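Have the 3D view open as you read.

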Amino acid sequence: MSTSAAPRTATSATSAAPAAVPRERDFTALPLRRRAAWVVLLGSLAALGAFTIDLYLPAFPQLESELGASTSQVQLTLTGTMVGVALGMLLVGPLSDAVGRRRPLLAGLGVHVVASLLCALAPTIEVLSALRVVQGLGTASASVIALAVVRDKFEGRGAARLQARLMVIVGVSPLFAPTIGGVLLELFHWRGLFVALAVLSAALAVAVGVLLPETVPVRQRRRFRLAPALRGYAGLLRDPALIGIVLVAGMSMSAIFGYVAQSSFAFQQQYGLSAAAFGVAFATGGGMLVLGTQVNGSLVHRFSSQGLMVTGLVAGAASGLLLLAAATTGAGGLLGLLVPLWMTMFCVGLVMPNSPVLALERHATAAGATAALLGASQHGVAAAAAPLGGALPFAPATSMGLIMAGALLVALAVYLVFTRRALARPPVLHGEEARLAAAVEAERVRALEDQAAELARAGQDEDGDVAAPAGAAACGTCRPER
C-alpha cells in the first residue's frame, strides 16, 4: 500500500503546480550552436513559402505585359499558390502525425522542385496559375512540419522563443525576396525566378535528409487514413478557442497579403517608384514585421502570449485606420503612407508568433494537424484578400489600406467577442487526439512511479549503509560479506 501511495502523491503534486520543462525539451538550455542550427534549419523551411510567394513580385508588370494578362489575373497566380498551400497543409498535417515528419517533408520538397521547373516553362497566365497551385501544395509540407517539429522537440516559453525566431526568418524573407527577384530579372528573365526556387527547395531537401532527425516517436505513429484524418479535424474544430485562434490568425495573415498583393502597384504605379526603389520600400514594411516579432520574442518571458496578441490587435487596428486615412487623403505623400504602414506591420508582428503557440499548447498531441489547420486557415483566408485589391474601385494604396485595416478590425472583434472567453476554458479532446493524450499521460505517470521507486530504493540502500557499521561495532567477530 505504501508503495502505491508514493506515485499518487507525486502525481498530485505535479498537477497542483506547473511541471518544470525537462532540460532536453528546453530550447533555451541548449548550447548556442545547437540553438542556431535549429533556428536556421526550421526557419529556412518556414521561409520557403514566403520566397515562393514573394520572389516574383517585381515581375508582376512584366507578367501582365508579356502574357497579356490583367492585374487581377496576375494577382490570381498569387492566390493559386495560397490555395495550394492551404490544401497541402490540411493533407500534410495529419499525414505527418501518422507516419512521421521526414517522409512527408521530403516528398513535398520534391513536388516543389518539379512544379517550380514547370512554372518556368508556363506558356500562358492560366497555366502558370494552375502550376502555382501545385507549387503551393509542395511548399505546404515545409511550413506545417517546421511548426510541428518545434512542438515535438520543445515546450514552454523556450518553444515560444524559438517560434518567435522562426517568425523573424519568415519576416526577413519578404525583405530580401523581391530584391533578389529584381536582380534575377536583370540577369535571367522572369522564368529564371522559378528555376531559382527549384534550386532552393532541392538544397533544403538535402539539408533535411542530412540534418533533421525524425521527431515523432514510433509509439505515437499510426497508419494514415483519410476518414480518421477528417474526423481529427472535426474534433479540433469542436474546440471554440482553437476556432477563435484560427480566425484571428487568418485575418492577420490577410492584412499581410493585402500589403503583398497591392504594394507593387501602389508603390510603382501610383507613387512612381522604380523596381529597385520598390524593393527598398517593400523591405521597410517587412522590416517592421520582423521588428515586431523580435520585440515579441523579448517580451514573451515577461508577458503572456495571449496578452501580447491582444496588444498587437488593438494597436494594429488603430494604425490600420490611420493607414487607410493617409492612403485616401494622400496626406504626407509617400512618407505619410509609409509611417502608418510601418506601425501596422509592427503590430502584426506582435500577433503572428503567438497564434501557433496558443493553438499548439492546447493540442500538443495533434501538433501536425493543429499546425496544418492554422496554416491552412491563414493562407485560405489570405487567398481571398490577394486578388481583392485589383477588384476594388479604388487607387492601389487605398485598396491596400482598406484590406489591412478591415482585416485587423475583424480579427480584434473576433478576439473580443469570441476567443477571449473560449481561451479561459481548458480544451476537451476527442477521438484519436484524446487517445494519444491519455497514452502520453499514462507514460508520464509511469515515469513518475519509476522515479519514486528509485528514490525509495535509494533510501533503503542508504539506511542499510548506515546500519551496517553500527552492527559491526557491536559484534567484533562479524565481517562484511565478500
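Start with L128: in this predicted model, L128 touches L63, L67, T77, C119, A122, W190 and F194, leaving out residues up to four places away in sequence. L128 also stands out in the largest nonpolar core, a set of 113 residues in which L45 and L128 touch the most other members. Helix α10 (residues 240–270) gives this core its largest share, 17 residues.

Now for the helix pair. L45 turns up again here: together with L48 and T52 it is on the α2 side of a contact that meets L105, L109 and H112 in α5. Sorted by type, the residues of the α2 contact with α5 come out as four nonpolar, two polar and no charged.

How do the axes of α2 and α5 cross, and within what distance do they come? They come within 13 Å and cross at roughly 20°. Angles under 35 degrees count as roughly parallel, so α2 and α5 are roughly parallel to each other. The crossing of α2 past α5 is left-handed.

| Helix | Residues | Contact residues |
|---|---|---|
| α2 | residues 32–54 | L45, L48 and T52 |
| α5 | residues 102–119 | L105, L109 and H112 |

Last stop: L409, which sits in helix α17 (residues 396–423). Is L409 buried or partly exposed? L409 has a relative accessible area of 38%, so it counts as partly exposed. Setting aside neighbours within four places in sequence, L409 is in contact with A317 and L321. M251 is 158 residues from L409 in sequence, yet their C-alpha atoms are 8.8 Å apart in space.

Conventions:
Residues are numbered from 1 along each chain as its sequence is written. This is a predicted model: local features need pLDDT of at least 70, side-chain atom pairs count only at pLDDT 80 or more; totals for chains, interfaces and linings use all residues. Side-chain values use heavy atoms; hydrogens and water are left out. A nonpolar core is a set of buried Ala, Val, Leu, Ile, Met, Phe, Trp, Tyr and Cys residues joined through side-chain atoms within 4.5 Å. Buried means under 20% relative accessible area, exposed over 50%, partly exposed in between (1.4 Å probe, protein chains only). Helices (H or I, at least four residues) and strands (E, at least two) are DSSP runs, numbered from the N terminus. Contact means heavy atoms within 4.5 Å. Axes are lines fitted to C-alpha atoms, for helices over the stretch in contact, and angles run from 0 to 180 degrees between N-to-C directions. Angles under 35 degrees count as roughly parallel, over 145 as roughly antiparallel, 65 to 115 as roughly perpendicular and the rest as oblique. A crossing is left-handed if the near helix is turned anticlockwise from the far one by less than a right angle, and right-handed if clockwise. Ala, Val, Leu, Ile, Met, Phe, Trp, Tyr, Cys and Pro count as nonpolar, Asp, Glu, Lys and Arg as charged, and the others, Gly among them, as polar.
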